[in-house]
Amino acid sequence: MLLAIDCGNTNTVFSIWDGARFLGTWRTSTEWQRTSDQYYVWLSTLMKFQGVEADITDVIISSTVPRVVFNLRVLADRYFDTRPIVVGKPDCLLPVDVRVDEGTAVGPDRLVNTVAGHDLYGGDLIIVDFGTATTFDVVDTDGAYIGGVIAPGVNLSLEALHNAAAALPHVDISKPQSVIGTNTVSCIQSGIFWGYVGLVREICARIKAERGREMRVIATGGLAPLFQQTVDLFDAYQDDLTMHGLTVIYNYNKDTA
Ligand SMILES: Nc1ncnc2c1ncn2[C@@H]1O[C@H](COP(=O)(O)OP(=O)(O)OP(=O)(O)O)[C@@H](O)[C@H]1O
Ligand SMILES: CC(C)(CO)[C@@H](O)C(=O)NCCC(=O)O
Ligand SMILES: [K+]
């Protein structure tokens, strides 16, 4: 069975894939100091707790944080006796082309999202991922990653306001009742919520105009549903897009090996 690990700048997600479905998904904060032993105790405890019995034979990793890969490799080696596939490394093959400026190290999460989007929805896509950063990945007709947009993430923007302005509290994102805030919290919520609605709309419109064609907008990441509730920003929402992409890349590498 496959252990797929999606390591973002804020959170790391582990999923077990039995070839047909995910048996379990668990989330921990990303910390490069965490050792392979710590990962294993955490993972095996949660698996036992949820009654997930899995004989893990393979591991695939996508990490936007280079430093964490070392201990995840040790985890794969020591506890599952396998050499992991690491997305972005030369020996990990991708089923899609990457057409960007030479020397660009595209974030592996964006490559994985591209592969997943192409597998599920075909081509001419804009994939919006609301993670630590809000990223837009542009997928060509043939599934190639051809670039995109990186904007600050929603929670990062909220934190930045709080950190930089002495009188502004930490605020959780939510949909404000109105655009005009009548207290500090609702003013901040309005700025972030409607600001991001505008950001997503404008960027998607400009990408479509630049490409001169219709494109489908696929959203992923924990905050996407909050936006979708209000305005029709996306054509589809796929909660486990990155995990799905990891299974596609795993199969592709197994088949071509
Ligand atoms: N209504 C909400 N308000 C605040 N946070 C939320 C809400 N809904 C989901 N979240 C948070 O959004 C995050 C979604 O996780 P996701 O994997 O999309 O990105 P991330 O873990 O923040 O970033 P990265 O993948 O870059 O580490 C989770 O941390 C979750 O707690
Ligand atoms: C943009 C993030 C942080 C989003 O997780 C990640 O994909 C990353 O570190 N990317 C590297 C730069 C690039 O994708 O062009
Ligand atoms: K993510």
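Predicted model: local features only at pLDDT ≥ 70, side-chain atom pairs only at ≥ 80, totals over all residues.
Me: How much of the accessible area of ligand 1 does the protein cover?
Reply: 64% of the 620 Å² that ligand 1 has on its own. Areas come from the Shrake-Rupley method with a 1.4 Å probe; for residues, only the protein chains shown count as cover.

Me: Which residues surround ligand 1?
Reply: Gly8, Asn9, Thr10, Asn11, Arg27, Phe130, Gly131, Thr132, Ile173, Gly221, Gly222 and Leu223. To count, a residue needs a heavy atom within 4 Å of the ligand.

Me: Switching topic. Which residue does UniProt list for "binding site"?
Reply: The unreviewed UniProt entry lists Asp129. UniProt positions are in the numbering used here, feature names are shortened, and annotations may be inferred rather than shown by experiment.

Me: Where is Asp129 in the fold?
Reply: In strand β6, residues 125-130. Helices (H or I, at least four residues) and strands (E, at least two) are DSSP runs, numbered from the N terminus.

Me: Is Asp129 buried or exposed?
Reply: Asp129 counts as buried because its relative accessibility is 12%. Buried means under 20% relative accessible area, exposed over 50%, partly exposed in between (1.4 Å probe, protein chains only).

Me: What is Asp129 in contact with, leaving aside neighbours within four places in sequence?
Reply: Asn113, Thr134, Thr135, Thr220, Gly221 and Thr242. Contact means heavy atoms within 4.5 Å. With Asn113 there is also a polar contact, side chain to side chain, at 2.9 Å. A polar contact is a pair of N or O atoms within 3.5 Å; within protein, one must be able to donate a hydrogen and the other to accept it, and residues adjacent in sequence count only if both atoms are side-chain atoms.

Me: Where does Asn113 lie?
Reply: In helix α3, residues 108-121. Asn113 is buried, because its relative accessibility is 0%. Beyond four places in sequence, Asn113 touches Ile127, Asp129, Asp137, Thr220, Leu241 and Thr242.

Me: Now the sheet. What is the strand order?
Reply: β8-β7-β6-β9-β10, an open sheet of five strands with mixed pairing. β8 (145-152) and β10 are the edge strands, each pairing on one side only. Two strands pair if DSSP finds at least two bridges between them.

Me: How do β6 and β9 run, parallel or antiparallel?
Reply: Parallel, joined by five bridges. Val128 has Ala219 in β9 as its bridge partner, and Leu125 stands opposite Arg216.

Me: Why is β9 largely enclosed?
Reply: Because four of the five residues of β9 (residues 216-220) are buried. β9 also pairs with β10 (residues 236-237), in the parallel sense over two bridges. There, Ile218 is partnered by Ala236.

Me: What about β7 and β8, parallel or antiparallel?
Reply: Antiparallel, over six bridges, with β7 spanning residues 133-139. Asp137 stands opposite Gly148 in β8. The two strands form a hairpin with five residues between them, and Gly143 in the turn has a positive phi of about 95°.

Me: Which residue other than glycine has a positive phi near 55°?
Reply: Asp124, with phi near 55°. Most residues other than glycine have a negative phi. Asp124 is in the loop between α3 and β6. Asp81 also has a positive phi, about 50°.

Me: Is Asp81 buried or exposed?
Reply: Exposed, because Asp81 has 69% relative accessibility. Asp124 is at 16%, so it counts as buried.

Methods:
Residues numbered from 1 in each chain as written. Chains lettered and ligands numbered in written order. Heavy atoms only, no water.
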